[in-house]
Amino acid sequence: MPLREWLKPPRKLLAILSLVTLVSVSALAWFGWKLLDQERAVEAQRARERLEQTADRAVAIARGTLAEAGERLGTWLIVPPPEGKPDEGLLLVMADGNLSASPRQRLLYRPDPAPPADDAAFNDAEVLEFQQAAPGRAIEAYRRLAESTIPAVRAGALVRLARVLRKTKQVAEARAAYLRVKDGEVGDARVGGVPAGLIARHALSEFSGSTADAALLKQDLLRGRWPLTRGQFEYYRSEAARLSGDDAAVPPAATAISDVVAQNWQLISQDDAPRGQTTVWVDDHPWFLIWRSVPGRKAVLIVRPESLLIAAFATRDVDSAAVDGEGRVVAGRRSANGYAAVRTSAETHLPWTLYMSSPQFPSAAGMVARQRFLLLVVTLTISFLIAGAYFIARAIRGDLAVARMQSDFVSAVSHEFRSPLTSIRQLSELLASDRVPSEGRRHVYYETLLRESIRLQRLVEALLNFGRMEAGVRRYRFELLDTAALVARVAAEFEPQISASGRHIRIDGCEDACKIHVDPEALSVALRNLVDNALKYAPDCPTIEVQWGIERAQVAISVRDSGPGIPASEKRAIFQKFIRGSAAEAANVKGSGVGLAMVHHIVAAHGGNVTLASEPGAGSVFTILLPLGAERV
Ligand code: ADP
């Protein structure tokens, strides 16, 4: 419906309806918005609570892990851990000045100086070797010492013996001496602070020139086979690299813990507190040191803080971070977004402050889904409301239009009744008072009286018929009829009233008998209405044509005039009851607006239909199409 139509009266009613709709829609939208807002706040609160719970859980787990590490350390202080333990980091146990590392390969070099070697036993032999330049006698002296029962003396003697033998080019014998050292005859004894076994392995690799031997030596060095100082480690590693031809550098991760130990040696070796823990940074990496000690023994565990916090930080979708006193992140990831649950080390007695935040905070996936659903409900409700308001307004408009049409109908029908009644009354008065000028005149008056009363009767019958049709109780009595006869009869009915004005109805149809199976009375009414309309709305058209024939297996009866025509926008509407078109208004013709509706009803009841071909200004052709009578008989 165009806007212009909407703005027609009753404006007040429509304004109220629009206002009510607008207020309801706004209220609903506001309510929806508030609900969403509230939902968001509640969800944020819930997310916050979840984070707080996660933080509490993380603190409890971290405390448990630390306590467990401390307990295990207490045990290892007394009983050494099984091979390969601990799984993470490095355990150092210092007992009576001896340092042992577990697992051994994680400590490639250590800072503790080797105990000074007791070299007094070799004094005499070394005088022979160096000062008196008597290698033969020196060899003898060393051989004697090589049979000593003390492993350290045996080791020192064998290494020195091999040295003199090498100098005197007795390679095979020197090799034999080194092999004795290598084969473990001297245990872990050191010579000049260097493990005798390592000296022997190095020398034997040199003798053999085998890269495989050198590679094995390198492998053993990287497995922490011998306790070495950093200098010794570097020297023998470079020697092994030279001999094996493989110069690959040691990966920094392999020496990381050794560096931690080296850089914090003072703390590790000297702090005598029975228990302690601290976080240290080495090469920009954090390390956690925890220790237990009893007089004469101390166990230190060195681990990455993150390995202790794995379980505590396991919650999905939460960014967890442990931060030291200086604000540096020692484990996890600290996200900068939104709300974070914080547990300070002061309140938890943990070595770090814990931060927990959720990257999705506060719009978790569930929240987004709920918001979408709510939005959908609100949008749908608003759409229903608007659609409802539209249909109510349409219905009101429709009802008002019907009411208006009915009042128009009543006034039009009254007018239709009034004019024949007025002439009947005037003529009856003249006749009753015997004021008729001549016999001829009297005859004319009687004829007029008859015509007007017939008109009145037709009008009443037409209205009654229409009422019956509308109620669906109109009965039709079908019979086989010749179309030409029907058309001729209807046309003849109009002749007396139009002949005076010089107008004429021309009938024309196919010559063969054109039978139709119809109710003659009803179809006459339909045809009469069409002819009557043509006469009414085309007053300047002298000839109205009524034609009949067969069109596509149907009988077509058309009424043609060359009047004002009918605009396209009215072509459908004028077949509805009480609807009157622009032609009626233009020609100021009174009518009830039920004529065409009746035509439509009657023709439909006969199984046919009515078509209209018309152009404004070019006349109109109404055609009744009916099934051929022969088929129906
Ligand atoms: P009424 O004639 O009482 O108005 P109808 O249902 O017979 O009612 O016709 C409906 C409307 O159709 C008329 O008001 C008129 O505007 C239009 N109409 C009908 N026949 C013609 C015609 N032959 N030429 C122009 N307009 C017509």
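A residue is called buried when its relative accessible area is under 20%, exposed when it is over 50%, and partly exposed in between, with a 1.4 Å probe and the protein chains only. Helices (H or I, at least four residues) and strands (E, at least two) are DSSP runs, numbered from the N terminus. The model is predicted: local features need pLDDT of at least 70, side-chain atom pairs count only at pLDDT 80 or more, and totals for chains, interfaces and linings use all residues. Residues are numbered from 1 along each chain as its sequence is written, and side-chain values use heavy atoms, with hydrogens and water left out.

Helix α7 is mostly covered, with 10 of its 13 residues buried. The buried residues are A196, G197, L198, I199, A200, R201, H202, A203, L204 and S205. They pack against the helices α5 (151-167), α6 (171-185), α8 (211-222) and α9 (230-244), and against the strands β3 (190-191) and β4 (194-195); contact here means heavy atoms within 4.5 Å. The expected span of a helix is 1.5 Å times one less than its number of residues. For α7, residues 196-208, this gives 18 Å, which agrees with the 18 Å between its end C-alpha atoms.

S208 also belongs to α7, but this residue is partly exposed, at a relative accessible area of 36%. Its side chain makes a polar contact of 3.1 Å with that of D213. A polar contact is a pair of N or O atoms within 3.5 Å; within protein, one must be able to donate a hydrogen and the other to accept it, and residues adjacent in sequence count only if both atoms are side-chain atoms. The C-alpha atom of S208 is separated by 129 Å from that of R560, 352 residues apart along the chain. Just after α7, G209 has a positive phi of about 65 degrees.

D220, in helix α8, counts as buried because its relative accessibility is 14%. Leaving aside neighbours within four places in sequence, D220 is in contact with R201, R225 and W226. V171, in helix α6, is partly exposed, with a relative accessible area of 41%. The C-alpha atoms of V171 and F207 are 36 residues apart along the chain and separated by 8.2 Å.

The ligand has 21 residues around it, of which N533, Y537, D561, R580 and L596 come nearest; a residue is near if one of its heavy atoms lies within 4 Å. This shell divides into 10 nonpolar, eight polar and three charged residues. In that division, Ala, Val, Leu, Ile, Met, Phe, Trp, Tyr, Cys and Pro count as nonpolar, Asp, Glu, Lys and Arg as charged, and the others, Gly among them, as polar. Oxygen atoms of the ligand lie 2.9 Å from a backbone N or O atom of G593, 3.3 Å from a polar backbone atom of G595 and 3.4 Å from a backbone N or O atom of A584. The protein covers 98% of the 530 Å² of accessible area that the ligand has on its own, by the Shrake-Rupley method with a 1.4 Å probe. Two or more residues of the shell come from each of α17 (520-537), α18 (582-587), α19 (595-605) and β18 (620-627). The largest share, four residues, is that of α17.

Within helix α17 lies R528, a residue that is buried at a relative accessible area of 13%. Apart from neighbours within four places in sequence, R528 is in contact with R458, V490, E493 and F494. In α19, the buried residues are L596, A597, M598, V599, I602 and V603. They pack against α15 (439-471), α17, β17 (609-614) and β18. G607 follows α19 and has a positive phi, near 75 degrees.

Several loops contain backbone features of note. The peptide bond from K85 to P86 is cis, with omega near -5 degrees, and P86 lies in the loop between α2 (11-78) and β1 (90-95). The bond from S102 to P103 is also cis, with omega near -15 degrees; P103 is in the loop between β2 (98-102) and α3 (123-131). K169, in the loop between α5 and α6, is not a glycine but has a positive phi of about 65 degrees. This lysine is exposed, with a relative accessible area of 68%. A553, between β15 (543-551) and β16 (554-561), has a positive phi near 60 degrees and is partly exposed at 48% relative accessible area.
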